[in-house]
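Colleague: Could we go through this model together? I would like to start with the side-chain packing.

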Amino acid sequence: IGECLGECHILDTPQGREIASKPHIVSDELTNRTLIIAKEFKKSLEEMSILDFSSCCILHILRGSMGYMVHEAIPEVPLYNIRTKYLDEGYRDHSDDSRTLKVTYSDFQTEENYQAIIIPDTYATGRSVEAAVNHLLSEGYTPEHLVIYGFIAIPAIKRLFRLCQEKGIKLTSFAICDITQLSTNNYDMP
């Protein structure tokens with residue numbers, strides 16, 4: 001994608017391609033595949049010396065984040081949860097979505113002062129993670145490094161890179177299979 005969007009990596013695995021292209025994979029089959037990919041993610045972090053696991057944590061954006069199984073692949077890293085919610089209900093085109101996101105729950109411990117946060121999630125527009133990171137910043141916590149992992153679209157990386165650049169945070173992305181565009185309504189990735 002280029003130097004202006006942080007450090008971007010692609011984890012291309014048979015399991016990732018299967019998950020992306022076969023929506024009928026669910027339950028234990030899905031869990032088994034996502035755990036294999038998460039272990040590859042951990043191996044990549046270790047081989048590339050990207051993170052020191054003793055000074056980072058995992059932040060789940062409730063609910064979908066847990067399905068990526070990073071907390072199982074890297075059990076030695078502390079796990080925290082945060083929940084974001086749109087204040088107004090309704091379905092609309094994400095590209096013209098004026099709804100405000102608010103953090104409604106967080107068990108993150110800002111006094112721990114982790115140097116890095118790993119956030120596994122599905123990244124379409126990046127608004128949920130942006131709201132979560134802004135919440136942590138408002139609580140006085142500024143990580144040195146943000147690592148995002150999952151199915152990731154270009155608009156999300158652009159949004160998060162702008163935020164990270166503004167706050168002096170390094171952004172590293174690990175996309176499963178590919179870094180994609182969004183569909184015309186900015187919801188689903190192909």
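Predicted model: local features only at pLDDT ≥ 70, side-chain atom pairs only at ≥ 80, totals over all residues.

Colleague: Understood. Which residues does F108 touch, leaving out those up to four places away in sequence?

Modeller: F108 touches C57, L59, Y80, N81, Y114, I117, L136 and Y141.

Colleague: And which residues touch the most other members of the largest nonpolar core?

Modeller: F108 is one of them, together with I117, I119 and L146; the core has 32 residues.

Colleague: Which elements give two or more residues to this core?

Modeller: The strands are β2 (56-61), β3 (79-86), β5 (116-120), β6 (145-153) and β7 (170-180), and the helices are α4 (127-138) and α5 (154-167).

Colleague: Which of them gives the most?

Modeller: That is α5, with seven residues. Apart from this core lies another one, of 25 residues, which includes F53, V70, A73 and F174.

Colleague: Let us turn to K42. Where is K42 found, and is it buried or exposed?

Modeller: K42 is in helix α2. Its relative accessible area is 16%, and the cut-off for buried is under 20%, so K42 counts as buried.

Colleague: What does K42 touch beyond four places in sequence?

Modeller: The residues are F53, A73, I74 and E76. Two of these, F53 and A73, are also among the members of the 25-residue core.

Colleague: Staying with α2, how do α1 and α2 pack?

Modeller: Helix α1 (residues 14-21) and helix α2 (residues 27-47) pack at an angle of about 135°, and their axes are 8 Å apart. The angle therefore makes α1 oblique to α2. Their crossing is left-handed.

Colleague: Which residues meet there?

Modeller: From α1 they are Q15, G16, E18 and I19, and from α2 they are L30, R33, T34, I36 and I37. By type, the residues of this contact divide into four nonpolar, three polar and two charged.

Colleague: One last topic, I169. Where does I169 lie, and is it buried or exposed?

Modeller: I169 lies in the loop between α5 and β7. With a relative accessibility of 7%, I169 counts as buried.

Colleague: What surrounds I169, again beyond four places in sequence?

Modeller: I169 touches L137, T142, P143, E144, H145, L146 and C164.

Colleague: How far is the C-alpha atom of I169 from that of G6?

Modeller: The two C-alpha atoms are separated by 9.9 Å, although I169 and G6 are 163 residues apart along the chain.

Notes. Residues numbered from 1 in each chain as written. Heavy atoms only, no water. Axes fitted to C-alpha atoms, helices over the stretch in contact; angles between N-to-C directions. Helix = DSSP H or I, 4+ residues; strand = E, 2+ residues; numbered from the N terminus. Parallel < 35°, antiparallel > 145°, perpendicular 65-115°, else oblique. Left-handed = near helix turned anticlockwise from the far one by under 90°. Contact = heavy atoms within 4.5 Å. Nonpolar A, V, L, I, M, F, W, Y, C, P; charged D, E, K, R; others polar. Core = buried A, V, L, I, M, F, W, Y, C linked by side-chain atoms within 4.5 Å. Buried < 20%, exposed > 50% of the residue type's maximum accessible area, 1.4 Å probe, protein only.
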